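Me: Hey, I've got a structure open and I'm a bit lost. Can you walk me through it?

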Amino acid sequence: MQLQSMYQEIILDHYRNPHGRGLREPFEAEVHHVNPTCGDEVTLRVHLDGDTLADVSYEGMGCSISQASVSAMYELVIGKSVPEALATGEHFMTLMQSKGDAAVAEELEDELEDAVAFAGVSKYPARIKCALMSWMALKDASARALSVTHPATPSGGQA
Ligand code: ZN
């Protein structure tokens, strides 16, 4: 099977059978992100155990890329610490900036698992935001959850 069609199969499989979908309790933070250029939406909750992502639960609607991306992300980040998960998100960002460079995808394959299947999306600037929406939501929710469970020194005071 060709790599591109294998990647498409992985994306379709996550779209049809999303992993970890549904909003669950408990959670420390909930965010709602939209990608207005495509009409994608995701509501995402983060539950931390210490700084480990004990659960990431979500609901969403939109194109197959946006919804498959949340599912693949869920698989990747559950059980990781927030810094590890955000580092993985940075690698996903690198993949999205690769403009379809197969060498970049190959390099990131072990780290990104199924999420490497979105490599082809990097050739289509209009779709990159679809794939990145879930990771933006995770970053946002994790930061909020950490600020709840690990309150910073009471100097800032902003929400
Ligand atoms: Zn989309």
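This is a predicted model: local features need pLDDT of at least 70, side-chain atom pairs count only at pLDDT 80 or more; totals for chains, interfaces and linings use all residues.

Me: Let's start with the sheet. In what order do the strands come, and are they parallel or antiparallel?
Reply: Three strands make an open sheet, in the order β1-β2-β3, and the pairing is antiparallel. β1 (29-35) and β3 (52-61) are at the edges with a single partner strand each, so one side of each has no neighbour in the sheet. On average, neighbouring strands are turned by 20° against each other, direction ignored. Strands pair if DSSP finds at least two bridges between them; strands (E, at least two residues) and helices (H or I, at least four) are DSSP runs numbered from the N terminus.

Me: Ok, back to the strands. How many bridges join β1 to β2?
Reply: Seven, with β2 covering residues 40-49. His 33 has Val 42 as its bridge partner in β2, and Val 34 has Glu 41.

Me: And how many join β2 to β3?
Reply: Nine, and those two strands run antiparallel. Glu 41 turns up again here, standing opposite Met 61 in β3.

Me: What about the hairpins?
Reply: The β1 and β2 hairpin has four residues between the strands, and Gly 39 takes a positive phi near 85° there. In the hairpin of β2 and β3 there are two residues between the strands, and Gly 50 has a positive phi near 70°.

Me: Is β2 enclosed or open?
Reply: Largely enclosed by the rest of the structure, because eight of its 10 residues are buried. Buried means under 20% relative accessible area, exposed means over 50%, and partly exposed is in between (1.4 Å probe, protein chains only).

Me: Which strands does helix α5 lie across?
Reply: α5 (residues 125-149) lies across β1, β2 and β3, at about 35° to β2. Angles run from 0 to 180 degrees between N-to-C directions, using axes fitted to C-alpha atoms, for helices over the stretch in contact. Contact means heavy atoms within 4.5 Å.

Me: Now α2. How many of its residues are buried?
Reply: 12 of the 14, so α2 is largely enclosed by the rest of the structure. Among the buried ones are Ile 65, Met 73 and Tyr 74. The cover over them includes α1 (3-16), β2, β3, α3 (82-96), α4 (102-112) and α5. After α2 comes Gly 79, with a positive phi near 85°.

Me: Is Cys 130 buried or exposed?
Reply: Buried, with a relative accessible area of 0%. Cys 38 counts as partly exposed, at 33% relative accessibility.

How values were computed. Residues are numbered from 1 along each chain as its sequence is written. Side-chain values use heavy atoms; hydrogens and water are left out.
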